[in-house]
Amino acid sequence: MSSPSMKRRLLGFLLVPAIAALSPIIALPAVTQIAGPGGWASAIAGESVGTFAAIAIGWGWATIGPALISIAGDDAERARLYRESLVVRVTISMIAVPALAVVCWLIATPGSEWLTILMGMQGALIALSFTWFSAGVGDPRTIVIFDAAPRLLANLAAAALVLATGVVVLYPLAGILVTLVGTSIFTLRLLRRHPGPWPRPRDLPRLLRSNLAVALNDAGLSGYSSVPAPVVNVTAMPTAAAGYATADKMLKLGQFIPMTLANALQAWIGEAHGPHRGRRMRIAIGLAAATGLAGWAGLALVGPWLTSVYLPAAPAPFDILLVMGLVFFFFSVRTAVARLVLFPAGQAAAVMRATLIATVVGIPLMIGLGIAWGPVGAALGYAFTEGAATLLLARRCLRVLHDLRHTPIEAAP
C-alpha cells in the first residue's frame, strides 16, 4: 500500500466515516434532551428497524456493488449496473417503507410514534444512496460533496431547530432530505453522462435472483443487529433502555470505520493476483483486527465518560459499552473477511450460510437474555451472535488464503 494514489484514496475514504460519525453526534444532545428517555430509546429502536429495512431495500448492492463496479469494463457498464440497482431498490422500497411504519408504530413508547417512524425511514432510505457506487470507482470526493458534507450541515441546522422549536422530528426529516436530494443529483449527473436503456419489468426477477445470496446474508446480519434495541425498548424501563440506546448508537456510528476501510482496500486488493493478492488480504485483515481492538478499547474506556458528559440525559453504562466493544471487534474482522476475501473468491453462498446459522441461534439468545438479564443480556447475546458469524467464516477464509499462497502468478487472470 505504498503508492501515493492508494494512500490518498484511503485517506479520502477514512474522512467520509469521520464526517458521517460527526454529523449525528452534533444533534444527539438536542434529541435526547427534547425526546426524553422513552423517546430516545424509541428513536434508536426505530432506527434499528430502519437498518433492517435498508438491507431489504439495498438488496446486496452496498455489499457486492463496489466490487462489481471496480471490475466493470467501462463507464457504460457501470451506468448499466447503477440503473439496474436503482430499479431494484426503488421497487423494494415501495413495499418495505409502509411495512416499516407499521412495525415502528407498534414498538414505540406512547407519544413517540412519529419520531420512531421517521427515524426508521431515515435509516431505511439510506439504502437508496449512491455511496457504494463511488466506493467502487474510488471516488470519496463525490461522497463528501453530495452526502457527507450536506449531512453535516443538515444536522447542524436540525440541532438548532430542535432546540429552538422543541420539534424533535426535524432531526430525522433532515437526514431523509439529504439522502433523497443528494442521491437524486448524483443519479441525474451520472445517467446524463452515460445514457442507456432501463431494465424492463420482466427483467426484475432476474435482477433479484442475481443478488439473492448477498441480500439474504445482509438480511441475516442486519436481522440480528436490529433485534436488541427494539427488545430492550419493549422490555426494559425507559432509563435503562435509553442507556442501551446510547451504547447502540455509539456502536453503529463506529461501524462506519471498518466498513469504509473495507471499501477503501477493495481496489487495492483487486489489482493484485495469486500470492500477492493473498498477502494484501492478510494485511487487510490485520488492519481490520487492529481497528476492532482500538474500537473496543475506545468504547469501553472512553465511552462511559464521553456519553455522561455529552449525553447526560441518556449516558451509556460501562458494562454495556464493554460488551458493545466486543461486538465492534468481531464486526470489524468479519467485514474484512467477507468483503475482501470471501466475496471476491466467489464464496457469497458460504458467507450467507454462516450468517444465517449465527442468526438462527443468536436471535432467540438475544431475546431470552434480554428478558432475563435486561439490556446487558441483550448486548451479550449480540456479541455471541457476531462472534459466531465471524468464527464460522474463519476456516473458509484460511482456505482461500492458503490456495492463493500456492497459486502461481502466471495462472492468475
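At what angle do helix H3 and helix H4 pack? I'll answer that, then turn to one aspartate. This is a predicted model, where local features need pLDDT of at least 70, side-chain atom pairs count only at pLDDT 80 or more, and totals for chains, interfaces and linings use all residues. Residues are numbered from 1 along each chain as its sequence is written, and side-chain values use heavy atoms, with hydrogens and water left out.

So, the helix pair. H3 covers residues 75-107 and H4 covers residues 113-125; they pack at about 140 degrees, with axes 8 Å apart. Helices here are DSSP runs of H or I, at least four residues, numbered from the N terminus. Axes are lines fitted to C-alpha atoms over the stretch in contact, and angles run from 0 to 180 degrees between N-to-C directions.

Contact means heavy atoms within 4.5 Å.

Now Asp-147, which sits in helix H6, residues 140-165. Is Asp-147 buried or exposed? Asp-147 is buried, at a relative accessible area of 12%; buried means under 20%, exposed over 50%, partly exposed in between, with a 1.4 Å probe and protein chains only. Leaving out residues up to four places away in sequence, Asp-147 touches Ser-129, Phe-130, Thr-131, Thr-142 and Val-178. Its C-alpha atom lies 9.6 Å from that of Phe-186, 39 residues apart along the chain.

Notes. Helices (H or I, at least four residues) and strands (E, at least two) are DSSP runs, numbered from the N terminus.
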